[in-house]
Amino acid sequence: MLCGGSRVLQHLSDHNHHTSIGLGLGFCGAKIVQLSSFFLRPSQGMANSHHFSHKWHQQMISSFGSHSRTPGEIPILHNCFSQREDDTELPVEGLSPVSGGIVALGKFDALHIGHRELTIQASRIGTPYLLSFVGMAEVLGWEPRAPIVAKCDRKRVLTSWASYCGDRAPEEHEIEFASVRHLTPQQFVEKLSKELRVCGVVAGENYRFGYKASGDAFELVRLCEEYGITAYIINSVMDKKQGSGKRDSGDSKDRGQVSSTRVRQALAAGDMKYVSELLGRAHRLILRVRTQDMPSERMISVPRSSILNLPPGNGIYKACLLLVGDESSSPCTVVVDTSNIHVETEEVRLCNLDSSQEFRLLSVEFG
């Protein structure tokens, strides 16, 4: 494999915000297209593009990694880049944490099934990483808003993806957005190569990057080849409900793909079944609970300021599950109103929580 660098930087665009900002947003999908000089058969559209030379090629791969192929057909991705234990390199002091790995590029707010697909494809090539950016809202002057996944809960979600990724949980590497905001597409890829020393990148077909979103997936492939990095572009994971009214996210870039915008809208509507379909798991709300937030032994009532991520819209939610660390869990009912989150359970005696602690993190899963 060709590698380069010791630290990754990138621009991402959240379709929730102004398109003129220009940050890249990776959507992922059911098929993967490899655009690289290693393979043959460029598609007609790519062959005609000024971004692609006659040496550049593509390959379509099922997200389920089918091993079958007809005579003369290009072998599938994970057969071409099979991972062996003796291929694994030990980290070298001073190198980037993602050196030698395959980074998924995108804005990973929701960690939804589209993001998971990116990591699945990355894991078929090498050691998978998510490249995330912090401080975007502050730099761009966006209104503060609660994350879909609490920061303290992200590792649990990524760990749960290990079974999809060859028993390797993807790791997340964070970059300060302020340090990359003004990079051109070429400067960004140069950092991927020379600072982060990644061997490959995986991005969605709608991915844009660089200052003012001036680079697209074609440009990413061209620049990655120039800097010795293999780029893999995959189709968007589509929302199965795209034929329903739930498809209209209000985003001009929306073509029916799974997105963080759809997750937020489904949460606001209180449609927790739909939320679970988009996330590929039950939504988990993290509560910062103090002793005074427990008016009775089976009741929690916390202000919205004490929740660490985005709750569903106002309403009553039954068939939920209250998780008290790894110790116990209990069915519960959750009431969300304008000011507070109320949790009532019949089984867990909440008064048995350690009162010596100033607060404790409890979780609620919406079934």
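Let me start with a pairing: strand β8 is joined by seven bridges to strand β13, residues 360-366, and the two run antiparallel. Strands here are DSSP runs of E with at least two residues, helices are runs of H or I with at least four, both numbered from the N terminus, and two strands pair if DSSP finds at least two bridges between them. One of these bridges has Arg284 with Glu365 of β13 as its partner.

Residues are numbered from 1 along each chain as its sequence is written, and side-chain values use heavy atoms, with hydrogens and water left out.

The whole sheet is open, with six strands in the order β8-β13-β10-β11-β12-β9 and antiparallel pairing. Its edge strands, each pairing on one side only, are β8 (283-289) and β9 (299-303).

Finally, a word on confidence: pLDDT, the predictor's confidence in each residue from 0 to 100, averages 76 over the protein chain, and 68% of the residues score at least 70. Over residues 1-91, however, the pLDDT is below 50. Where pLDDT is low, the predicted coordinates should not be read in detail.

Note on methods:
Predicted model: local features only at pLDDT ≥ 70, side-chain atom pairs only at ≥ 80, totals over all residues. Contact = heavy atoms within 4.5 Å.
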